[in-house]
Amino acid sequence: MTTQVIVLNGGSSSGKSGIVRCLQAVLPDPWLALGTDTLVEAMPASLRASDAGIGFAPDGEVTVGPEFRTLEAAWIEGVAAMARAGARVIVDEVFLGGAYSQQRWQKALADLRVLWVGVRCDGAVAAGREVARGDRAVGMAVSQAEIVHQGVTYDLEVDTMHTESMECARAIAAHAS
């Protein structure tokens, strides 16, 4: 049985998006790229700045409320349903809750073949990328660099501080067959 879902977990500006694009280029079949940014962008604007939805503090802290959690649970189940229906899916995630976040995905993906990948990057390096991007609250990269990996179990880890996105993607693709 071949891998049906690849879950990439890493902090903001760790290099996940670049790896996803490279994976789509090197994997032999078409793969959908879905992630937490896609979910946030799909939410109504009123939930992108409220206690019930998701909030981004000036220091980079991310807070989530009950409406966000409800939509996120439906999102996770929907991604799993797409994989069960035959789509190969790469999930670009930020496990703000560490092991608890992974457990929610594990429950939804329980009957699927999943490759769990940790995307690591030193907080200072990610912070430099964050500033260069210009679309993130400064401080998010540093605050997430380690916390997203706490208690999380991976099949493979890549380090984007020392390895280019394409090389990371090739290593992941080799494990996905």
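Gly-128 is found in helix H5, which spans residues 123-133. The model is predicted. Gly-128 is partly exposed, with a relative accessible area of 43%. Ser-13 is 115 residues away from Gly-128 in sequence. In space, the C-alpha atoms of Gly-128 and Ser-13 are 8.7 Å apart.

Side chains of opposite charge can pair when their charged atoms come close. The count in this model comes to seven salt bridges. One of them joins Asp-29 to Arg-88, with the closest N and O atoms 3.7 Å apart. Asp-29 lies in the loop between helix H1 (16-26) and strand S2 (31-35), and Arg-88 lies in strand S5 (residues 88-93), so the pair ties together parts that are 59 residues apart in sequence. Asp-29 is partly exposed, at 32% relative accessibility. Arg-88 is also partly exposed, with a value of 28%.

Arg-104 forms a salt bridge with Glu-72, and their closest N and O atoms are 3.2 Å apart. Arg-104 belongs to helix H4 (residues 99-108) and Glu-72 to helix H3 (residues 66-84), so this pair ties together parts 32 residues apart in sequence. Glu-72 is buried, because its relative accessible area of 6% falls under 20%. Arg-69, Glu-72 and Arg-104 are linked in a network of salt bridges.

A further salt bridge pairs Arg-120 with Glu-146, at 3.6 Å between the closest N and O atoms. Arg-120 lies in strand S6 (residues 114-120) and Glu-146 in the loop between helix H6 (140-144) and strand S7 (156-159), so parts 26 residues apart in sequence are tied together. Arg-120 is partly exposed, at 27% relative accessibility.

Methods: Residues numbered from 1 in each chain as written. Predicted model: local features only at pLDDT ≥ 70, side-chain atom pairs only at ≥ 80, totals over all residues. Heavy atoms only, no water. Helix = DSSP H or I, 4+ residues; strand = E, 2+ residues; numbered from the N terminus. Buried < 20%, exposed > 50% of the residue type's maximum accessible area, 1.4 Å probe, protein only. Salt bridge = Lys/Arg side-chain N within 4 Å of Asp/Glu carboxyl O.
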